[in-house]
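Take a look at the model below.

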Amino acid sequence: TNFDQNMSNKFTLPDGRRKPKSVRTTPTQQQTFTPLPVTEENLLYVKYKTRLTPQQLNEEKSKHGLISITHATKRTDLIPSAANVVIVEGGDIRQFEQDPNVIFVEEVPVYKEEFNDPISNMSLQTNDFNRVDYLEAIEEFGSGEHYPMIGQRESQWQDVFHNNPDIPEYKVTMLNEPHQNANYPSAAHALSVASLMIAETDNNYGMASYCPNCTLGFVNNWAVGTSMPESLEIFLENNIKVFNISAGGYTYSQTDQDAINDAYQQGVVIVASAGNDSNNNDTNPRYPACYENAIGVAGSDYGSSNYGLQYLDVSAPSQSNLVATKGYNMGAASCVDEFGNSTDPWGDNCWFRTTSGTSFGTPIVTALMGLLLSHNPDLTNQDLVNIVTSTIGSPIGNKPGEVNFYEALSYMYDNYLEP
């Protein structure tokens, strides 16, 4: 369907059509996932006694009525075992088995990429993954070859990130100095938000994140006096193009709006939560989600999410999101251990839990922008906004459409990378 300008009236976006899903050749990518073989019926490996010449390839194609036939390798020296192997499409395996010039024939496995994190393959995560076509995007495009830093601005206790084994120290960089005498809260909220973006993925532990290659630049605004303009300045100094704010309020600030405008022109965009008050943000705006040049995120499946099609731009899953916690004394009925097993909410093995709110849909959108940068670091903040908002689904009642990882990556590869 034509892109609905009302979904992102805060930005000037090209009028275009959403690209349908299609079969494409996966771009060169770093292999970071454990492959699991899945048979594809129409492709066969056929190993001949000698390497076929171009003329023999054509003869075999005609003889067996093949759709295609090609050598498995271009050279014969690097992978000598495959020097005489061809890949054929549309052949009858029984005919090749009877050919005296064939050593063996077998079906070609298709390697489907899956995370080995225990919880990532459970409904605790797969339900949300499937809503936004995340796994489909990873299977086709991979996690990318680049390692961008994305941002987060929130209150937190300076050591909280290192309390969960799924967020190793290298994943988080503190970008401002903590107040030495501040009474920091044990801000599990900051940890949980971060985990959706950057939790270590494919490490045989816990959960998977939505941007496996991303690291996090964190700006702490608790008891430090770090204003919105200063936060924006810090992110710009560190070449961060997108940052997450899972917080907000109903007080408008011209200073913050002006600073956000400046920062947007300089190359950074805010992704902010819509709020959880069942409020119409079009008539009673919540900030910073409703500022111009910010991306406001509603909860697509969360009943208490704020709503509105004028000031909010996208939606994302925000009901019962699986997140990381500090591991002890949580008191959360939904506590699970690193394998997804229910555990004592007051014990010291509550490493993950499910929780709801637009705070947790917002980092999914931030991570999508990070994943796009993992594939193409040359994208600008305005490119990221255009790609993400141009590929959302249809409005969900009075909320914007839901983000879609597969559609966003497809759109990016078709429109922002040279063939």
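**A helix pair and some salt bridges**

Helix α8 passes helix α9 in a right-handed crossing (the near helix is turned clockwise from the far one by less than a right angle). This is a predicted model: local features need pLDDT of at least 70, side-chain atom pairs count only at pLDDT 80 or more, and totals for chains, interfaces and linings use all residues. Residues are numbered from 1 along each chain as its sequence is written, and side-chain values use heavy atoms, without hydrogens and water.

Helix α8 covers residues 358-375 and helix α9 residues 381-390. Their axes come within 10 Å and cross at roughly 115 degrees (axes are lines fitted to C-alpha atoms over the stretch in contact, with angles from 0 to 180 degrees between N-to-C directions). Helices are DSSP runs of H or I, at least four residues, numbered from the N terminus.

Which residues meet? From α8 come Val365, Leu368, Met369, Leu372 and Leu373; from α9 come Leu384, Val385, Ile387 and Val388. Contact here means heavy atoms within 4.5 Å.

Now turn to charge. The count comes to four salt bridges (a side-chain nitrogen of Lys or Arg within 4 Å of a carboxyl oxygen of Asp or Glu). One of them joins Arg131 and Glu402, with the closest N and O atoms 2.9 Å apart. Arg131 lies in helix α3 and Glu402 in the loop between α9 and α10, so the pair ties together parts 271 residues apart in sequence. Glu402 is buried, at 12% relative accessibility (buried means under 20% relative accessible area, exposed over 50%, partly exposed in between, with a 1.4 Å probe and protein chains only). Arg131 is partly exposed, at 37%.

Definitions and conventions: Helices (H or I, at least four residues) and strands (E, at least two) are DSSP runs, numbered from the N terminus.
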